[in-house]
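Hi there,

Here is the structure I promised to pass on. Have a look through it first, and my notes follow below.

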Amino acid sequence: MKITSKVTSILGLIIISACHNNKNEILEESIAINHYIETEISAADKHLIGEPIEISMKATNKKNASISFLPWGTPIENGLSTDCFRVQLNNEALPYVGIMVKRIAPTKKDYITLNYKESISGKINILEGYKMNKKGIYTIQYKGGVGLAESNSIEIEIE
């Protein structure tokens, strides 16, 4: 019985170590990709309270080779599925109030491949995730995530 317990413990440590190494590899790969995929957001400068606020996001491969990335949790999906923006009004961060999607592990078909200088775009209504219901000038920036770097920062005015 004690030998079986020790073997089980050793196998468990090996599996945990392998999973940890795999997560580190994914993180290192993601950081490397972030360096080569330029992320840019844009929106109209002025909006009325309550009207949709469309944020466009463009991701462009700047590496002289093809790069694949997972678009989950980014505006490239054309919807909000996680807290992926920094939204501020008067230097105060707005909390994310949208849906949070949980998914199974990605497969090859879930990734997007961009060739050198190739771009892909997506659009979201930022009001689906952030309550921007006061007049003022809001600062918005994509935070970055697995595969994509943080974006430029934009300002929009709500009247």
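Strand β10 (residues 153-158) pairs with β9 over six bridges, in the antiparallel sense. Strands here are DSSP runs (E, at least two residues), numbered from the N terminus, and two of them pair if DSSP finds at least two bridges between them. Within β10, Ile158 is the bridge partner of Gly136.

A word on the source: this is a predicted model, with residues numbered from 1 along each chain as its sequence is written. Local features need pLDDT of at least 70 and side-chain atom pairs count only at pLDDT 80 or more, while totals for chains, interfaces and linings use all residues; side-chain values use heavy atoms, without hydrogens and water.

β9 (residues 136-142) also pairs with β5 (residues 85-89), antiparallel and over five bridges. There, Val87 stands opposite Ile140.

Elsewhere, three strands make an open, antiparallel sheet in the order β1-β3-β8. Its edge strands, β1 (37-42) and β8 (119-125), each pair on one side only. Seven bridges link β3 (residues 54-61) with β8, and Ile55 has Ile124 as its bridge partner.

Phe85 touches (heavy atoms within 4.5 Å) residues including Ile41, Ile55, Ile124 and Ile140, not counting residues up to four places away in sequence.

Best wishes

Note on methods
Helices (H or I, at least four residues) and strands (E, at least two) are DSSP runs, numbered from the N terminus.
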